[in-house]
Amino acid sequence: MEPILKCNNLGKNYGSIHAVDGISFEVAPGRIVGLLGPNGSGKTTLIKMINGLLKPTRGEVLINGNRPGVESKKIISYLPDSNYLDPDMTFQSSVSLFKDFYEDFEEERAYEMLSRLGIDPKARFKTLSKGNKEKMQLILTMSRQAKLYVLDEPIAGVDPATRDYILQTIIGNYNPQASIIISTHLISDVEKILDDVLFLKNGQIVLYNSADAVRDANGKSVDEVFREVFACSAN
Amino acid sequence: MFGKLIKHEFKNTWRYMLVINAAVVLLSLIGMLQMHLIKTSSSYFIQKMSTIYLVLYVVAIIALVVVTFFYLVGRFYKKMFTTEGYLMHTLPVTADQHIGSMLITDYVWWIEFSAVSMLCLFFCFFTEEVNWSEFSQVLTYVAGHVRITPEFVALILAMIISPAVMLLNVYCALALGQLFKTHRILGAVIMYILMYVVLSTISSNLLLGNVGGSSLMGKYFFTYEGGQGPEAFFDGMNSFLGSMGIYSFVSNLVVGAIYWFLTRFMIRNHLDIQ
């Protein structure tokens, strides 16, 4: 089966710093991959290169066989780690924008998810709390029938109830044939939904395997293995 | 997709533009009333107050024009280079479509708002002064003496595209400001000044300097052998405007294209949203 995502010797430098240092890996369709690493390990840089928001210094990234561009953007649904919606926009106007630009966007599903939150679709984003803004962004992202969902720190900085809501929304709404890449350092919260885990340290892959294989090989949870791997790096 | 980008740009900006246009019209209507009071009222106090209002009115119009310009180009900055770029740059559209859609929207609003502001100023200060039949006679006379030559058409085209080039100049400076790691708006200002200096140097050399044996100014303008009277004046103006027209049109096209490609290059290769 053709991988949905393929990175070949992918690297990004910021001056002398190797944010991502020549990594190669593939993601098969239908897999949920945890992109795990501490702050500064290169997760967001990698995600930005997948989305065409950063140009690699070397190597290449292919999404369904295409380099980042118009074709790849049609099939990737991306949730950044910060608020990206115009504060003057409303949920209604952002739905109209998504519907216009993404053929795979499902308007009814978006409104259905919103109705469960009880938020007025005509409320401007600037009037909403941080948690509600993040939920709205997640709803927009998960209302697409994309082939690849790329979620950058979707559960960082939110309360446990919102965290549960976010994880349920992801699992309950993604296209089962699609792949998901979830970047996080809060592993215990997401471990149960992951098929594969990719540990990133100083821009390099230190482990990429199925979550079950990692647990079987170490006799520990992925979270415990992560703590061991990154505790070593501190010594 | 290009049409959809333009549609959403207008959708996101029309409210601000409606409010700002309404403000200019309202201020101008009050201004017209003040002008009328100055001419008809015998009260010293009313005359002074009306004069103060009119001074403030002109300042307010200039301020609104400046604010609107920064609002328009500020939107380009926000959409392309701040966190809103996470949405804009992951839409399935090209960098050219982004630049083109924002340029068209900003251009239309800028022309519309500039025209409304100038008309309002004109009507506020000159409505009661102008003898409209004489005014139309002057316009007819001028129109009758302007020769519609290719050079004249080039001048008109240059005037039409120059606001777009001005906008592209700012887009380009904002894009080049991304080369700075921090203080990117300050970086954009520095880039704008640098571009201004470079262009002014090239432009003045072309117009007045001795480039390739003759300057444009010397070649076209000073070679005119004029006579006397209004006919000679118009001949001189036609000759000058004609030669300036070609120069302005070509230089605007070339400079605009350079701004466009630099902006596109930066968006495609040096995007680094923070």
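Predicted model: local features only at pLDDT ≥ 70, side-chain atom pairs only at ≥ 80, totals over all residues.
Residues are numbered from 1 along each chain as its sequence is written, while chains are lettered from A and ligands numbered from 1 in the order in which they are written.

I then checked the overall form of chain A: its C-alpha atoms fill a box of roughly 50 × 35 × 35 Å along the principal axes.

For secondary structure, I noted 9 helices and 9 strands in chain A, where helices (H or I, at least four residues) and strands (E, at least two) are DSSP runs numbered from the N terminus.

Next I followed β1 (residues 5-14) and β2 (residues 17-27) of chain A, which run antiparallel and are joined by 7 bridges; strands pair if DSSP finds at least two bridges between them. Asn13(A) has His18(A) in β2(A) as its bridge partner, and in the turn of this hairpin, which has 2 residues between the strands, Gly15(A) shows a positive phi of about 65°.

Last, I turned to chain B, divided into domain 1 (1-130) and domain 2 (132-274), with bounds from an automatic or database domain assignment. I found 20 residues of domain 1 in contact with 17 residues of domain 2 (C-beta atoms, placed from the backbone, within 7 Å).

Notes:
Contact = placed C-beta atoms within 7 Å.
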